[in-house]
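These are my notebook entries on a single chain. I set down what I looked up, entry by entry.

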Amino acid sequence: MRFRAALPFVALTALSLAPAAAQRRQPTPEQRIERLEKQVRQVQKQVFPKGQPADTAGFSDEPAATQDSVSALNNRLDAVERQMAEILRQAEENGNRVGVMEADLARLRAESDQRIRALEAGGDGTGANDGPAPSASEPSDQSEAPPPRPKPKVETRDDEPIATSAPTGDGDADAEAAYDAGYRLWTAGKYDAAIKSLQAMAKKYPDHRRVSWAKNLEGRALLDKGQPRAAAEVLLANYRRDPKGERAQDSLFYLGQSLVKLGQPSQACKAYKELEEVYGSSLRSPLKASLPNAKAEAKCG
């Protein structure tokens, strides 16, 4: 009877204690969140075995870029911009220095050319006076002399010019040197070699300004050699090829000289008349000074 009386009391006690035990076992919100985060990480590991993507990787306790990192980056950019500005300034200064140096070099080169030309005009035993003396109706042979430039050393073998140290890498300088070689052969009285050298120059550099000079000097060499007909053909062709060439008017003048030697003074007078009509006030001073005597020799009316 005592046992039976205790059963209701035990049952009542168990019922009263059950809610309290259940309440103690209920997880807190933090525990629930932590459990959920663990579950999410497990799911992410299965879905993204190579690592979580950026947009699902969770949140960081620090911002993506702190104020210090932004300030450091700005400072570095400012330093790079200052360095770039300094480089540009130095480049401009160097460009100005190079321009000044080039101008000074051109001035020095021009002064050197003038001095060398003055020495050559004064006669220095280089053969400028070894050729035949010009007649009273011919302008000075010095008018055919090219401006001084670096020249190759020229040797001769069987009347053929051989350049032993011709300049390389500069077509304009090479053309000038080729004409100069022919000119020096002409002044030395080696007309055959001069003609070949001048013909080679004109063929190799057909568009160079010195071609007008070379063909005119070739005609003069033929005239000096005693071949006025061949000289007339070359001189007439040079004048017709480029009437504005630097020695076209010279070719027309020496064409008249060739015609006189061919016994055709009337044709020579026509050449002299065309020379005056075409070039007029632009006629070179040596030709203008020699033209009256040339016309008198041809008995032009």
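**Entry 1: Overall make-up**

I counted 10 helices and 2 strands in the chain; helices (H or I, at least four residues) and strands (E, at least two) are DSSP runs, numbered from the N terminus. This is a predicted model, in which local features need pLDDT of at least 70 and side-chain atom pairs count only at pLDDT 80 or more, whereas totals for chains, interfaces and linings use all residues. Residues are numbered from 1 along each chain as its sequence is written, and side-chain values use heavy atoms, with hydrogens and water left out.

I read the order of elements from the N terminus as α-α-α-β-β-α-α-α-α-α-α-α.

I then looked up burial: of the 301 residues in the chain, 28% are buried. Buried means under 20% relative accessible area, exposed over 50%, and partly exposed in between (1.4 Å probe, protein chains only).

**Entry 2: Helix 6 with helix 7**

I looked up the packing of helix 6 (residues 210-225) on helix 7 (residues 228-241) and found an angle of about 165°, with the axes 7 Å apart. Axes are lines fitted to C-alpha atoms, for helices over the stretch in contact, and angles run from 0 to 180 degrees between N-to-C directions. Helix 6 and helix 7 are therefore roughly antiparallel (angles under 35 degrees count as roughly parallel, over 145 as roughly antiparallel, 65 to 115 as roughly perpendicular and the rest as oblique).

Their crossing is left-handed, that is, the near helix is turned anticlockwise from the far one by less than a right angle. On the helix 6 side, the contact includes V211, L222 and L223; on the helix 7 side, it includes A230, V234 and L235. By class, I recorded 8 nonpolar, 4 polar and 4 charged residues in this contact. Ala, Val, Leu, Ile, Met, Phe, Trp, Tyr, Cys and Pro count as nonpolar, Asp, Glu, Lys and Arg as charged, and the others, Gly among them, as polar.

**Entry 3: Helix 8 with helix 9**

For helix 8 (residues 248-261) and helix 9 (residues 265-279), I noted an angle of about 165° and axes 7 Å apart. These two helices are therefore roughly antiparallel, and helix 8 passes helix 9 in a left-handed crossing. Residues meeting here include L252 and F253 in helix 8 and Y272 and L275 in helix 9. The contact divides into 11 nonpolar, 4 polar and 1 charged residue.

**Entry 4: Helix 6 with helix 8**

Helix 6 and helix 8 pack at about 15°, with axes 10 Å apart. That makes helix 6 roughly parallel to helix 8. I recorded a left-handed crossing for this pair as well. The contact includes S212, N216 and R220 of helix 6 and S251, Y254 and Q257 of helix 8. By class, it has 3 nonpolar, 5 polar and 3 charged residues.

**Entry 5: Two single residues**

Is A193 buried or exposed? A193 lies in helix 5 (residues 191-204) and is buried, with a relative accessible area of 1%. A193 and A221 are 28 residues apart in sequence and 9.9 Å apart in space, C-alpha to C-alpha.

I lastly looked up K299, in the segment after helix 10 (285-298). K299 has a positive phi of about 60°, although it is not a glycine, and is exposed, with a relative accessible area of 75%.

Technical notes. Contact = heavy atoms within 4.5 Å.
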